[in-house]
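Hello,

Here is the structure I promised to pass on to you.

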Amino acid sequence: MKTLMIDLGHGGTDSGAVSQGYFEKDIVLLIGKRVKELLKDYKPDMTRTTDKTLSNTTRINLIKNRYEYCISIHVNSGGGNG
């Protein structure tokens, strides 16, 4: 079993939260790539490395019973001005 999967929320046709021209899917892609670099000693995999759509079933199948740990990255909007 591998150690770590980094799951990047949203992607492709699912933009996630949107505010002031920023899309959650793009922000989490940047964050995820940096987290992978910081955790390189654990040889993490990522559910996506580009802007592509992944269904929940696909995400589950990529992760379930294959990794000890999974980090799911989101930057949700909490209301207000974004």
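Predicted model: local features only at pLDDT ≥ 70, side-chain atom pairs only at ≥ 80, totals over all residues.

**Overall picture**

The protein chain contains two helices and five strands, and read from the N terminus these elements follow the order β-β-β-α-β-α-β. Its C-alpha trace extends about 40 × 30 × 20 Å along the principal axes. Of the 82 residues in the protein chain, 29% count as buried. If you take the contacts between residues at least 6 apart in sequence, 72% of them join residues at least 24 apart.

**Helix H1**

Helix H1 covers residues 24-38. With 15 residues at 1.5 Å a residue, the helix should span 21 Å, and the distance between its end C-alpha atoms is 21 Å, so expectation and model agree.

Which residues of H1 are buried? They are Glu24, Lys25, Val28, Leu29, Gly32 and Val35. Because these residues cover an arc of only 130 degrees around the axis, they sit on the same side of H1. That buried side packs against four strands: E1 (2-8), E3 (22-23), E4 (45-46) and E5 (67-73). On the face turned away from the buried side you will find Leu30 and Leu38, both exposed.

**Two buried charged residues without a salt bridge**

Glu24, in helix H1, is buried but has no salt bridge. The nearest side chain of opposite charge belongs to Arg48, and it is 8.3 Å away. What does the side chain of Glu24 meet instead? One partner is the side chain of His10, through a polar contact of 3.2 Å. Another is the backbone nitrogen of Val75, which lies 2.9 Å from a polar atom of the Glu24 side chain. Setting aside neighbours within four places in sequence, Glu24 is in contact with His10, Ser15, Gly16, Ala17, His74, Val75 and Asn76.

Arg48 itself is found in the loop between E4 and helix H2 (56-63). Arg48 is also buried and has no salt bridge; for this residue the nearest side chain of opposite charge is Asp51, at 4.4 Å. A salt bridge requires the nitrogen and the carboxyl oxygen to be within 4 Å. A polar atom of the Arg48 side chain does lie 3.1 Å from the backbone oxygen of Gly9. Beyond neighbours within four places in sequence, the contacts of Arg48 include Leu8, His10 and Gly11, as well as the H1 residues Lys25, Val28 and Leu29.

**Salt bridges**

Side chains of opposite charge can pair when their charged atoms come close. The structure holds four salt bridges, and here are details for some of them.

- Lys2 and Asp45 form a salt bridge, with the closest N and O atoms 3.2 Å apart. Lys2 is in strand E1 and Asp45 in strand E4, so this pair ties together parts that are 43 residues apart in sequence. Lys2 is partly exposed, with a relative accessible area of 44%, and Asp45 is partly exposed at 22%.
- Asp7 and Arg59 form a salt bridge in which the closest N and O atoms are 2.6 Å apart. This pair links distant parts of the chain, with Asp7 in strand E1 and Arg59 in helix H2, 52 residues apart. Both Asp7 and Arg59 are buried.
- Lys25 and Asp51 form a salt bridge, the closest N and O atoms being 3.1 Å apart. Since Lys25 lies in helix H1 and Asp51 in the loop between E4 and H2, the pair ties together parts that are 26 residues apart in sequence. Lys25 is buried, with a relative accessible area of 12%, whereas Asp51 is partly exposed at 39%.

**Tyr67**

One more residue for your tour is Tyr67, in strand E5. Is Tyr67 buried or exposed? Its relative accessibility is 10%, so Tyr67 counts as buried. The side chains of Tyr67 and Asp45 are joined by a polar contact of 2.4 Å. Tyr67 and Met5 are 62 residues apart along the chain, yet their C-alpha atoms are separated by 6.5 Å. Not counting residues up to four places away in sequence, Tyr67 touches Met1, Lys2, Thr3, Leu4, Met5, Asp45 and Leu62.

Technical notes: Residues numbered from 1 in each chain as written. Heavy atoms only, no water. Expected span 1.5 Å × (residues − 1). Buried < 20%, exposed > 50% of the residue type's maximum accessible area, 1.4 Å probe, protein only. Arc of directions from axis to C-beta. Contact = heavy atoms within 4.5 Å. Lys, Arg positive; Asp, Glu negative; His and termini not counted. Polar contact = N/O pair within 3.5 Å; in protein donor to acceptor, adjacent residues only side chain to side chain.
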